[in-house]
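Take a walk through this structure in two stages. The text turns to a pocket and its lining, then to pairs of charged side chains.

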Amino acid sequence: MTEQPDADVRELAEIPAVEVISRAAVMLMSSAAEKLGLSDADPENSPLRDMDEARRIITALAGLITASVEYLGPHAGPLREGLQSLQKAFRESSAVPDAPGAGPGEKYTGPVY
């Protein structure tokens, strides 16, 4: 007897690339926001805050979005806006802000002010 997969579970091969990329981007955005402490009422004192980790995640997100922007269609704008918001939040949260163009992901997106 062969097992029938749950109707709610889709095979990865059946999921369109834009959906896989978008889901990955949203996961990275959520993780970066957590690492910036943005889910806490007081981000500056959040026990989850880790600026080094946030930098890495935002850079990975910038690379993903920049590399796949041509495939994202109508999803590109909101994902870029979310990325830019995280880049600005990082800059505002940094004790010593990076020079323009040297912030997380800015080598892929250009300077964020």
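Helices (H or I, at least four residues) and strands (E, at least two) are DSSP runs, numbered from the N terminus. The model is predicted, so local features need pLDDT of at least 70 and side-chain atom pairs count only at pLDDT 80 or more, while totals for chains, interfaces and linings use all residues. Residues are numbered from 1 along each chain as its sequence is written, and side-chain values use heavy atoms, with hydrogens and water left out.

Rolling a probe the size of a water molecule over the atoms shows where empty space is left. On a 1 Å grid over the protein atoms alone, a pocket is an open set of points where a 1.4 Å probe fits, with protein on both sides within 12 Å along at least five of seven lines; lining residues have an atom within 4 Å of a point. The largest pocket holds about 160 Å³ of space, a volume being the space filled by probe spheres set on the points, which are joined across faces, edges and corners.

Its lining is made up of 13 residues, and Arg80, Leu83, Gln84, Gln87 and Thr109 lie nearest the centre. At least two lining residues come from each of α2 (51–72), α3 (76–93) and α4 (106–109). The most come from α3, which gives five. By type, the lining has six nonpolar, five polar and two charged residues. Here Ala, Val, Leu, Ile, Met, Phe, Trp, Tyr, Cys and Pro count as nonpolar, Asp, Glu, Lys and Arg as charged, and the others, Gly among them, as polar.

Side chains of opposite charge can pair when their charged atoms come close. A salt bridge is a side-chain nitrogen of Lys or Arg within 4 Å of a carboxyl oxygen of Asp or Glu. By this rule there are six salt bridges.

One of them joins arginine 91 and glutamate 106, at 2.8 Å from N to O. This pair links distant parts of the chain, since arginine 91 is in helix α3 and glutamate 106 in helix α4, 15 residues apart. Both arginine 91 and glutamate 106 are buried (under 20% relative accessible area; exposed is over 50%, partly exposed in between, with a 1.4 Å probe and protein chains only).

The closest N and O atoms of arginine 56 and aspartate 52 are 2.9 Å apart. These two residues are four apart in helix α2, which means about one helical turn separates them. Arginine 56 counts as exposed because its relative accessibility is 52%, and aspartate 52, at 41%, as partly exposed. Between glutamate 53 and arginine 56 the closest N and O atoms are 3.5 Å apart.
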